[in-house]
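Please open the model in your viewer and keep the selection tool at hand.

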Amino acid sequence: MLAIYQNSKLKLAFRAMSFLSLLLCLLIINGQAQIAEHPVIKDYKGVKIGMTADEVRQKLGEAKSEDKDGFFYVFSDTETAQIMLDGDKKVRVISIDYNGEHQNPPKFEDVFGKNAKPEAKPDGAIYKMVRYPDDGVWVAYSRLAGDKPMISITINKQ
């Protein structure tokens, strides 16, 4: 019974990550994206857009959950990553979440560079998405409001 419960928690987490990716896509459609030359952040723990599923396993090891569409990794209680694959079994999305308890989540500047300035919402939340046409990706940074906000970073193939 415990295995079923744990598996259902993983499925719920996987669905939540998929929902966040869909939300980011909807924000793009609404035109909230900028275009820049080259991304500052190009990979996560050595995993890059276009890598094969086998290369992901070599870099990150065994996933907590895996299916034909990708991998879900739990690195700690405060850091998870979802790697989604395209039809050719190559990485098309890298989505990383850091909960508010993470000791050292990436800062806005770590994702977009020292000269980039975040535009905080009135509640303190931050969202920015930048397209990099020459690299064939877009990168998004989302920080929820609050004292210990959740931070999500997504690298997505265009």
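Residues are numbered from 1 along each chain as its sequence is written, and side-chain values use heavy atoms, with hydrogens and water left out.

Begin by colouring the chain by pLDDT, the predictor's confidence in each residue from 0 to 100. The average is 85, and 77% of the residues score at least 70. Next select residues 22-31, where pLDDT stays under 50. Where pLDDT is low, the predicted coordinates should not be read in detail.

Now select helix 2, residues 53-60; helices are DSSP runs of H or I with at least four residues, strands runs of E with at least two, both numbered from the N terminus. A53, V56 and L60 are buried (under 20% relative accessible area; exposed is over 50%, partly exposed in between, with a 1.4 Å probe and protein chains only). Viewed down the axis of helix 2, the buried residues fall within an arc of 55°, so they line one face; the arc is that of the directions from the helix axis to the C-beta atoms. The face turned away from that buried side carries the exposed D54 and Q58. Just after helix 2, G61 has a positive phi of about 85°.

Finally, select D86, in the loop between strand 6 and strand 7. D86 is buried, at a relative accessible area of 17%. A polar atom of its side chain lies 2.9 Å from the backbone nitrogen of D88.

Note on methods: This is a predicted model: local features need pLDDT of at least 70, side-chain atom pairs count only at pLDDT 80 or more; totals for chains, interfaces and linings use all residues. Contact means heavy atoms within 4.5 Å. A polar contact is a pair of N or O atoms within 3.5 Å; within protein, one must be able to donate a hydrogen and the other to accept it, and residues adjacent in sequence count only if both atoms are side-chain atoms.
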